[in-house]
Amino acid sequence: MPAPDGAVRRCDLGGSVSITVRDIAAAPHLEVNTAAGFPGLDRVVRWAHVTELPDPVHWLRGGELVLTVGLGLDPDEEGRRAYVRRLHGAGCAGLAFAIDVWLRGAIPAEVLDEGDRLGFPVLRVEGETPFIAVVETVADHYAAERGREQGRVLAAQDAMARAALRSGPAGVMHELASATSGECLLLDRNGMTSRAVPGTERAWHGSVRAAVAGPARTPGMRILAGDGTSGTGGVGGMSRTSDAGGTGGVGGTGGGVPGARTTGAGRTGTGGTADTASGDRTGGGAVTGEAPGAGETAGAAAGPGTATGAGGTPATTGGRTGVGAGAAPAGEGSGAGESGGGGGAGAVLLQTLGTTGRTLGWLALRCADPAASVRVLANHAASLLAVDLLHSRDARRAIFRERAPLLRAAALGGPAGVAPTLPPPPWEVVCYRLGRDADPAPGTPDALDAAADALVEVLGDTGAAQSAGLCPLDGVLVAVLPDTGRPHAGERLLALLPGVPAAGACRARGPGDLASAVSRARGAVPPHGYRHVDEADAWAILRSAVPESGSRAFTEAVLGPLLEHDARNGTELAHTLRHHLDGGGHVEGTARDLGVHRNTLRARLRTAERVLGRSLSDPRARLELWTALSLHPLRCTDGTWHD
């Protein structure tokens with residue numbers, strides 16, 4: 001029906017056009033007239049409810065137009081005033097009397113006076129108008145709004161699909177922002193801004209980036225407060241923080257109901273599922289300050305029914321059905337104190353992109369009302385964006401595979417041909433030692449594909465990540481990365497490669513150094529972890545270059561007699577000698593380190609010279625002894641290791 005002048009309406013994707021008391025009084029097919037409380041005619045009617053109870057407040061939630069023949073009115077004047085005050089305090093939209101049944105044509109004057117005092121509408125249902133006609137008017141209105149809402153959602157989904165084909169992610173985000181009257185933010189897998197609508201930085205962007213950077217990255221959709229900070233939980237529930245703008249269902253939003261009661265913790269938030277007999281509600285964290293649960297009233301019309309929630313979910317409580325065939329609710333969540341996710345400040349929907357495996361990114365939508373229809377569109381947009389990102393990932397993998405043979409030829413020092421595509425030098429050349437199982441499990445990427453995916457996390461979606469080089473080479477994966485300094489990109493990439501235990505790295509100044517850098521990096525691969533050749537000390541480089549068999553043979557040739565003496569006699573001459581040589585041959589300092597008298601140390605050194613047949617005053621003998629003692633870790637008496 002057309003909206004009369006002054007009617008308070010909402011008409012956006014997040015909710016329906018609400019029906020008001022004024023609309024019902026003006027409906028031409030109803031004989032309903034306003035008797036008192038004219039200032040409250042713009043109150044939103046969430047549903048119509050017939051009751052003859054003296055105190056029906058326990059069964060009301062807020063937003064109801066209470067229909068009665070007056071059987072429940074107190075015979076006492078003050079009692080009738082209290083009856084009106086209770087309905088007003090419960091957040092009801094108004095009170096309508098059938099005056100030709102019980103009241104004999106007149107509404108008590110004190111009821112009218114109290115309605116005028118409170119601005120609480122009091123209506124007269126006259127003539128041949130039955131209560132069911134009023135109930136059906138409300139129900140038909142919201143049913144029609146749900147149909148129109150679904151049409152708007154389908155149209156927006158179609159527009160986003162066409163935009164995805166026409167202009168990719170940018171088009172999808174523009175259509176989503178337009179359909180929801182909101183703002184969008186697309187983050188890459190590193191939590192960095194990829195695109196935004198509008199394109200300028202907003203205050204809430206930083207809070208969203210902080211939310212996805214935390215240790216607990218919740219998959220799926222969650223709702224944040226309007227500034228991007230975490231709210232009460234997932235889609236199933238959010239806190240109510242104002243007394244206006246209650247969130248409706250798929251096809252409807254009940255506007256704020258002034259003065260509605262705000263008791264009853266544990267009610268569902270927007271998108272909540274069903275009320276339970278115990279009064280606890282599912283769908284997110286507990287919510288305080290909400291009106292009593294929807295779906296707790298007996299329907300105004302004959303026959304069972306359900307109160308549709310924000311997700312179109314039936315709500316029942318202990319066998320008490322909601323409005324059902326009677327007045328259809330404007331949607332779960334309307335009523336006092338029930339603005340979704342922060343009232344006028346709006347809320348932010350944060351949706352993870354990607355179904356399984358590593359997260360591809362995040363989509364954030366800031367809107368005034370995160371109703372179910374808005375969430376449907378956000379989810380649809382996230383699906384389209386995820387498909388685009390998956391396609392980009394597959395294309396990126398294919399590019400690295402195509403370039404791998406050229407890099408392999410350059411790494412082996414082959415004749416100059418077509419130069420591989422690489423970032424501007426200098427480079428960090430890294431050799432990743434692959435695990436024993438070269439074949440990945442079904443459904444998991446091999447090392448080259450995994451590295452291609454992880455490069456975006458390490459370097460971002462940048463030109464450097466796109467031009468980096470990857471190629472398998474005889475048990476290792478060679479990566480040519482931009483030399484970023486500490487922390488090295490190669491070391492960060494190692495942490496993201498499953499099944500890759502170790503990596504060696506070397507700096508290359510240009511194409512002429514590439515083959516030698518690959519050889520040096522490959523030789524520097526440790527048993528576990530990351531080692532950069534240019535940052536290791538010279539002794540570490542020499543020791544890593546000596547084969548294990550050679551180092552054992554050298555140690556046996558130089559220290560064999562001394563080690564046999566220690567093993568046979570339980571002495572620690574080798575350990576004493578290592579301390580003495582590390583200390584530069586100073587007797588006093590070595591004695592202090594070992595905690596022995598200097599004469600004891602001199603006696604041990606003389607015994608070592610006799611067993612070895614060599615003098616410690618000979619520089620070559622000292623060099624060979626120190627080298628042999630340093631090629632392998634040696635445990636000290638305090639439990640530490642000489643390395």
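View 1. Strands are DSSP runs (E, at least two residues) and helices are runs of H or I of at least four, numbered from the N terminus, and two strands pair if DSSP finds at least two bridges between them. The model is predicted, with local features needing pLDDT of at least 70 and side-chain atom pairs pLDDT 80 or more, while totals for chains, interfaces and linings use all residues. Residues are numbered from 1 along each chain as its sequence is written, and side-chain values use heavy atoms, without hydrogens or water.

**View 2. An open sheet of 5 strands with mixed pairing.** The strand order is β1-β5-β4-β3-β2, and the edges are β1 (32–36) and β2 (47–50), each pairing on one side only.

**View 3. Two arginines over aromatic rings.** The charged end of R46 sits 3.7 Å from the centre of the W47 ring, and R403 lies over the face of F400 at 5.0 Å from the ring centre. A charge sits over a ring if NZ of Lys or CZ of Arg is within 6 Å of the ring centre and within 35 degrees of the ring normal.

**View 4. Y432 in the largest nonpolar core.** Among the 47 residues of this core, Y432 and L481 touch the most other members, and α8 (447–459) gives the largest share, 8 residues. Such a core is a set of buried (under 20% relative accessible area, 1.4 Å probe, protein chains only) Ala, Val, Leu, Ile, Met, Phe, Trp, Tyr and Cys residues joined through side-chain atoms within 4.5 Å.

Technical notes. Buried < 20%, exposed > 50% of the residue type's maximum accessible area, 1.4 Å probe, protein only.
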